[in-house]
Amino acid sequence: MIFSRRGDKALSLRLHTLATYYNNTSVIYDIGCDHGLLGLSFASRDEVREIYLVDPSPLVIRSLRQNIKTSHIPRGNLSININQEEGQNLQLSPSPKCIFIAGMGGKEIGEILLSLQSQLLDHDRVVISPHRNILELRKTLSTTELGLVSESVLEEDGHFYLILVLEKRDNLPNVTPFGTYLWQTAVGKAYLNKELRHFGLHQDALSRAYVEYLLSLLAACND
Ligand SMILES: C[S@@+](CC[C@H](N)C(=O)[O-])C[C@H]1O[C@@H](n2cnc3c(N)ncnc32)[C@H](O)[C@@H]1O
C-alpha cells in the first residue's frame, strides 16, 4: 500500500461511500481496518483530532505501522492511534465519535457492537458494511439501543455491499429483520434478485421467511 504525500489514497467506491456517512465528529474509529485506508482518509480533515485504526492481526498492524512511517500523512493536531486488538475489547474515547466497521462478517460485527454499545454516547454514529451473515446481524441489531439512520446498497465490480448507518438516539426506527429502505433503487432491485437466488437455496426458517418477504416486494412492484 502506498499513500500519497497528503497521506491519502484513492478510495474504492465502497470505501468512499462509507466515508460520506461521517458525522463531523473529532474522533474516528476504523475497526477491522486492515489497510487503514478508510480511517486514514480522514487525516486531512481539520475537524478530525483522533483516528483509531484497530485490527487484531499482527501482520496487518506491522504493515500499517511501516506504511504510516514512510508516508507523509498531515499530522498537525491529529493523533493516529494503531491498536492491535479485537473490536470487542476496545475502550472507546469519551468524545463524540464516528465508528466504521466494514468488510467483516455480520456475526463479528454484531459481537463488537453488543460489547461496545454501553460505551456509546447519544448521537455517536456507527457505520457498518457486513459481508455475510446479514440476517443474523439484523436480528442482533434489533435487540440493541442502536436505531437506524439509513440503509443502502451499492454495487462495485459485480459485488453488492450493504451499508447501515446507526446511532444511539431517541426516535429512530429499529433495524428491521429484512431491510426496509433498500429495495427501491435500480441497485436495490438487482440486489433483491441476487438475494432471492442465494437464499432460495436455503431451507432454514429465517431464509425462507426472507425469500417470502422478497417475493412479496417483487409482486408489489409488478402490480
Ligand atoms: C476484509 S478486512 C476489511 C478491511 C477494511 N475494513 C475494508 O472494508 O476494506 C477484515 C479485517 O478485519 C479484521 N478483524 C477480524 N476480526 C476482527 C475483530 N474481532 N475486531 C477487529 N478486527 C477484526 C481482520 O484482521 C481483517 O484485517
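This is a predicted model: local features need pLDDT of at least 70, side-chain atom pairs count only at pLDDT 80 or more; totals for chains, interfaces and linings use all residues.
Residues are numbered from 1 along each chain as its sequence is written.

The chain is divided into domain 1 (13–182) and domain 2 (183–223), with bounds that come from an automatic or database domain assignment. The centres of the two domains, taken over C-alpha atoms, are separated by 27 Å. Seven residues from domain 1 and nine residues from domain 2 form the contact, where two residues are in contact if their C-beta atoms, placed from the backbone, lie within 7 Å. On the side of domain 1 that touches domain 2, strand E6 (residues 147–156) supplies the largest share, three residues. Helices (H or I, at least four residues) and strands (E, at least two) are DSSP runs, numbered from the N terminus. By class, this side of domain 1 has six nonpolar, no polar and one charged residues. In this classification, Ala, Val, Leu, Ile, Met, Phe, Trp, Tyr, Cys and Pro count as nonpolar, Asp, Glu, Lys and Arg as charged, and the others, Gly among them, as polar.

Several strands are paired, a term that requires DSSP to find at least two bridges between two strands. Strand E1 (27–31) pairs with strand E2 (residues 50–54) in the parallel sense over five bridges, and Ile28 has Ile51 as its bridge partner in E2. E1 also pairs with E4 in the parallel sense, over five bridges; here the partner of Val27 is Lys97. Five of the five residues of E1 are buried, that is, 20 or more other C-beta atoms lie within 10 Å of their own; a residue with 12 or fewer is exposed, one in between is partly exposed, and C-beta atoms are placed from the backbone. Val27, Tyr29 and Ile31 point one way from E1, while Ile28 and Asp30 point the other way.

Four bridges join E7 to E5, with Leu164 as the partner of Ile128. Two residues lie between the strands in the hairpin of E6 and E7, where Asp157 takes a positive phi near 50°. A positive phi, near 70°, is also found at Asn171, in the loop between E7 and H6. Asn171 counts as exposed because it has 5 C-beta neighbours inside 10 Å.

In soluble globular proteins, nonpolar side chains tend to be buried together. The largest nonpolar core of the model has 49 residues, and those with the most contacts inside it are Ile28, Ile31, Ile51, Phe100, Ile101, Val127 and Ile128. A nonpolar core is a set of buried Ala, Val, Leu, Ile, Met, Phe, Trp, Tyr and Cys residues joined through C-beta atoms within 7 Å. E4 gives the most to this core, with six residues, and at least three residues are drawn from each of domain 1 and domain 2. Leaving aside neighbours within four places in sequence, Val127 is in contact with Leu18, Tyr21, Cys98, Phe100, Ile163 and Val165. Helix H4 (residues 106–116) has buried residues including Ile109, Ile112, Leu113 and Leu116. The buried residues of H4 pack against E1, E4, strand E5 (125–130) and helix H5 (134–142).

The ligand is surrounded by 16 residues, of which the closest are Gly32, Asp34, Gly87, Ala102 and Gly103; a residue is near a molecule if its C-beta atom, placed from the backbone, lies within 6 Å of it. Strand E4 (residues 97–104) gives the most to this shell, with three residues. The shell has seven nonpolar, five polar and four charged residues. Asp34 lies in the loop between E1 and helix H2 (37–40) and has a positive phi near 50°. Asp34 is partly exposed because 18 other C-beta atoms lie within 10 Å.
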